[in-house]
Amino acid sequence: MSTSNALSSSPLESEAITIFREVAAEFERPVLLFSGGKDSVVMLHLARRAFAPARIPFPIMHVDTGHNFAELMEFRDRTVEEFGVELIVASVQQSIDEGRIKDVSGARSSRNQLQTVTLLDAIAAHGFDAVFGGGRRDEERARAKERIYSHRDEFGQWDPKNQRPELWSLYNSRHRRGEHLRIFPLSNWTELDIWEFIRAREVPLPSLYFAHKRQVFSRDSMLMAVNEHVEMLDGEESFEATVRFRTIGDTTCTAAVESAAFTIDDIVAETSVARITERGATRADDRVSEAGMEDRKRKGYF
Amino acid sequence: MRRREPLRFATVGSVDDGKSTLIGRLLHDSKSIFEDQLEHVEAVSKKRGNDYVDLALLTDGLRAEREQGITIDVAYRYFSTPHRSFIIADCPGHIQYTRNMVTGASTVDLATVLIDARHGVVEQTRRHSLLVSLLGVPHLVIAVNKMDLVGYDQDRFEEIREQFTDFAQKLELRDVTFIPISAFVGDNVVDRSANMDWYEGSTYLNHLESVYVASDDNLIDVRFPVQYVVRPHTTEHQDYRGYAGVPAAGALKPGDEVVVLPSGLSTTIAGIDTYDSLAAGVDTIAEARPGEAVTIRLADNLDVSRGDMICRPHNRPEVTQDLEAMICWMDSDASLTPRTIYTMKHTTRTVRAMVTELRYRLDINTMHRDESATSLSLNEIGRVVLRSTEPVFVDDYRRNRQTGSFILIDESSNQTVAGGMIRLTNT
């Protein structure tokens, strides 16, 4: 199947657009998770493509660990304004202040896992029944198993051994009150597909994705950015390097990679010859165990 | 942006058939495994005391699968060569996970069924091929694996080909290709085998790269299920009213005379929009083809809503409340019992339906039709008659996989309990 002309949507775009429309038609209260990271930015652009010339008919939500890159926050606010969407911020700090969760401490601590409680609380408080996530099946082996419509029970849990069959493009949106579905329109996209979309559709991104000079230090053979939220250990020394981020989570769990990719074309070229997966290269949280992601997802993580 | 559709293909089988080895070999020899993934697989294999690298760990991503050494649910893998990009739906082969195999195979253009050259066509081969046939997968590859263990014997290969061809006469398989391989050694997977110079066909990867799928699209019967009505309610687009969706078949062009079902009212297509055409200020795109997400404007102000179907006046789907279908039962908690009412999703239309009659249960190993059956349990397939509360607009599944398919949902458990393939003729 080839597309008829330059104004048409590509097969992967069409698949994602179809999913956005299907959810908007069948759910009462969808929300799109938006971190300002590239996958969520691509999602927002696809959502706009799905409903044009009308506005995106649901709000977006940022689960904010408080440990953000400043560039990312500026980008988030600028984007929200440009798209005219409603932004909901679910704050991990607030969950800590309210005693819902205990903050972590220590040089190696990260609030990454704490986000699950904040996320589930926000879903319940707002009554969201469909939550769009930017997860892709090529990212990680547990994600590779997940359906496009992924059911979560009232505790937000995923049951990987008992997933609903998902045939053709007929999606089952039914759920009980208090349950919700996670929806993954980018399921079949690869990292390279994301970058090719960004290039073809001229999608603006946070500057962190492009090569820049930055103070970093080396930990577990990854380059961590020197920042106020990460305590350096004895023997760790900072130095300046030309780096970029392949993924962006919060500052405590996302590492940079050395790169001279200053433009989108450079990045597409770099990505097509990459020998290490993006999460393998940059995510401290995925290195914990053989089934780290599966365990987190079961509990309701993104 | 990559304009070409990735080839979606399924691999069906169990670890014993060498399925994981085949995928591992395909990814490894086409240089699609990332270093950290390979390191991970090597480390885990070593930790378990294996004396070889277990490539199954690449796709068996769930804890339970790794513990038991089996594939339980579909895993999706992605790779590209300079010629094409691919989505692999790696499906379980065990009979108790048939519903997961059906999930994986329902969307693919091609399926690969593995045969162990030592054992030839076995019960499992018949079951997998039957499901591939029922699901209307357009292309089938029979990978005769472990040729190294039968001395790369051409006669053995030909014997298996005959066995399969004999049995497959009863199935509806359009395009079957036989390839002798050894996934373990690497013969004819990516690189041509030096051990089987009698084989003159393509290697497995070569076949995947060149199989022609564009002709599988049905470009004749125009079918546009309305998915979503776009009403901007903004000053700039005050009177805009568009019908968003994806053509399930056929190409739609501005000026085409169309009919909207169920009303049967006719009008013409005023224009077809995409985000890009609107942004560029273009009146309409030239045409919408199957699979392309678009928004259609109609010349007349008709009452059209989600679940309606736009088609051509002289080529309409069947409008009916009475259906015949092959269904695969997928619920582990309850069996299909006639006269229970389910939610039925068909294209973008949701109705309620009940099975009024179970004509027979199909033994998926022997293809025997058991007409005395009174119910279907998990993973069983049968021929049923259904009655829906409202008309649906259907085609035979063999003519159109989208307008010919539906799912049934249990209204109390909310589980997807069946997948159905509509039969309009008496076969």
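A salt bridge is counted here wherever a side-chain nitrogen of Lys or Arg lies within 4 Å of a carboxyl oxygen of Asp or Glu. The structure is a predicted model, in which local features need pLDDT of at least 70 and side-chain atom pairs count only at pLDDT 80 or more, whereas totals for chains, interfaces and linings use all residues. Residues are numbered from 1 along each chain as its sequence is written, chains are lettered from A and ligands numbered from 1 in the order in which they are written, and side-chain values use heavy atoms, with hydrogens and water left out.

The model scores ipTM 0.93 and pTM 0.92. In terms of pLDDT, the predictor's confidence in each residue on a scale from 0 to 100, chain A has a mean of 88, with 94% of its residues at 70 or more, and chain B has a mean of 91, with 98% of its residues at 70 or more. Where pLDDT is low, the predicted coordinates should not be read in detail.

Between the two chains, 70 residues of chain A are in contact with 91 residues of chain B, contact meaning heavy atoms within 4.5 Å. The area buried between chain A and chain B, that is, the accessible area (1.4 Å probe) that two parts lose on being put together, summed over both, is about 7,100 Å², and carbon and sulfur atoms give 51% of this area. Across the same interface of chain A and chain B, 33 residue pairs, both at pLDDT 80 or more, are found in polar contact. A polar contact is a pair of N or O atoms within 3.5 Å; within protein, one must be able to donate a hydrogen and the other to accept it, and residues adjacent in sequence count only if both atoms are side-chain atoms. On the side of chain A that touches chain B, at least two residues each are supplied by helix H1 (11–26), helix H2 (38–51), helix H6 (191–200) and helix H9 (292–298) of chain A, and H1(A) gives the most, with 11 residues. The residues of this side of chain A comprise 28 nonpolar, 18 polar and 24 charged, where Ala, Val, Leu, Ile, Met, Phe, Trp, Tyr, Cys and Pro count as nonpolar, Asp, Glu, Lys and Arg as charged, and the others, Gly among them, as polar.

In one salt bridge, Arg147(A) pairs with Asp73(B), the closest N and O atoms being 3.1 Å apart. In another, Asp276(B) pairs with Arg49(A), with the closest N and O atoms 2.3 Å apart; Asp276(B) lies in helix H9 (residues 275–279) of chain B and Arg49(A) in helix H2 of chain A, so this pair joins two chains.

Chain B is divided into domain 1 (7–216), domain 2 (223–311) and domain 3 (318–422), with bounds that come from an automatic or database domain assignment. The centres of domain 1 and domain 3 of chain B, taken over C-alpha atoms, are separated by 29 Å, and 24 residues of domain 1 are in contact with 14 residues of domain 3. The area buried between these two domains of chain B is about 1,600 Å², of which carbon and sulfur atoms give 60%. Of the area that domain 1 buries against domain 3, Arg99(B), Leu130(B) and Leu134(B) supply 37%, more than any other three residues. The count between domain 1 and domain 3 of chain B is 1 salt bridge, and 10 residue pairs, both at pLDDT 80 or more, are in polar contact across this interface. Helix H5 (98–105) and helix H6 (123–134) of chain B each supply at least two residues of the side of domain 1 that touches domain 3, the largest share, 6 residues, coming from H6(B).

Most residues other than glycine have a negative phi, and most peptide bonds are trans. The peptide bond from Ala52(A) to Pro53(A) is cis, with omega near 5°, and Pro53(A) lies in the loop between H2 and strand S2 (60–64) of chain A. In chain B, a cis peptide bond with omega about 10° joins Leu261(B) and Pro262(B). Arg339(B), although not a glycine, has a positive phi of about 80°, and is placed in the loop between strand S14 (318–329) and strand S15 (341–346) of chain B.

Conventions:
Helices (H or I, at least four residues) and strands (E, at least two) are DSSP runs, numbered from the N terminus.
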